[in-house]
Amino acid sequence: MILMLLAVFGSLFASAAFAASTSHVNFTTMLAALLAVISLIFTVAWLFKRMKIPILMGTKPGLKVISQLPLGQKGRVIVLDVNGEQVLIGVTVHQITLLKTLDTRTKNDESASKAPNLDSA
């Protein structure tokens, strides 16, 4: 695909390249600038994906994942904060089930390995 783009740009600017005495330098400079812009685009996209900015990821402000615990290959238990109320849900490949509305708030928001109290579920 890059070669096709270079061929199209080369055919558009072929007359200017043959007229100039330093066409090799101009082509090299243009190619280096093109590669720099493409690598900059990929780097910025990777950084945005890595930083997980809620606005860019489409996350709603009233919904937040507090913690989650995998229960096998495709199942997990998740504690969600929905507008200040915490709920415990079970997620599988085929369904999402509300397990319990939590009365007490979990203390550690970043703990993915700590399971909430399931005794009264």
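Reader: Is Ile78 buried or exposed?
Author: This is a predicted model, in which local features need pLDDT of at least 70 and side-chain atom pairs count only at pLDDT 80 or more, whereas totals for chains, interfaces and linings use all residues. Residues are numbered from 1 along each chain as its sequence is written, and side-chain values use heavy atoms, with hydrogens and water left out. Ile78 has its place in strand E2, where strands (E, at least two residues) and helices (H or I, at least four) are DSSP runs numbered from the N terminus. Relative accessible area is judged with a 1.4 Å probe on protein chains only, as buried under 20%, exposed over 50% and partly exposed in between, and because Ile78 has a value of 11%, it is buried.

Reader: Which residues does Ile78 touch, not counting those up to four places away in sequence?
Author: Contact here means heavy atoms within 4.5 Å. With the residues up to four places away in sequence set aside, Ile78 touches Val65, Ser67, Gln68, Val87, Leu88, Ile89 and Val91.

Reader: What separates the C-alpha atoms of Ile78 and Gln68?
Author: Gln68 is one of the residues that Ile78 touches. The two residues lie 10 residues apart along the chain, and their C-alpha atoms are separated by 4.3 Å.

Reader: How many of the 7 residues of strand E2 are buried?
Author: Strand E2 covers residues 76–82 and is largely enclosed by the rest of the structure.

Reader: Which residue in the turn between E1 and E2 has a positive phi?
Author: E1 and E2 run antiparallel and are joined by 7 bridges, with Leu63 standing opposite Val82 in E2. They form a hairpin with 5 residues between them, and the phi of about 120° in the turn belongs to Gly72.

Reader: Which residue takes a positive phi in the hairpin of E2 and E3?
Author: E2 and E3 pair in the antiparallel sense over 7 bridges, and the bridge partner of Val82 in E3 is Glu85. The hairpin has 2 residues between the strands, and the residue with a phi near 50° is Asn83.

Reader: How many residues lie between E3 and E4 in their hairpin?
Author: Strand E3 (residues 85–91) is joined to E4 by 5 bridges, and the two run antiparallel. Val87 stands opposite Thr101 in E4, while Val91 stands opposite Ile96. The number of residues between E3 and E4 is 4.

Reader: What relative accessible area does Asp81 have?
Author: Asp81 is found in strand E2. Neighbours within four places aside, it touches Gly62, Leu63, Lys64, Ile66, Gln86 and Arg105. Asp81 counts as buried, with a relative accessible area of 13%.

Reader: Is Leu71 buried or exposed?
Author: Leu71 is found in the loop between E1 and E2, and, leaving aside its neighbours within four places in sequence, it is in contact with Arg76 and Val77. Its relative accessibility is 53%, so Leu71 counts as exposed.

Reader: What percentage of the residues of the protein chain count as buried?
Author: The protein chain has 4 helices and 4 strands, which follow the pattern α-α-α-α-β-β-β-β along the sequence. Among its contacts with a separation of 6 or more, 22% come from residues 24 or more positions apart. Of the 121 residues in the chain, the share that count as buried is 15%.

Definitions and conventions. Pairing = 2+ DSSP bridges.
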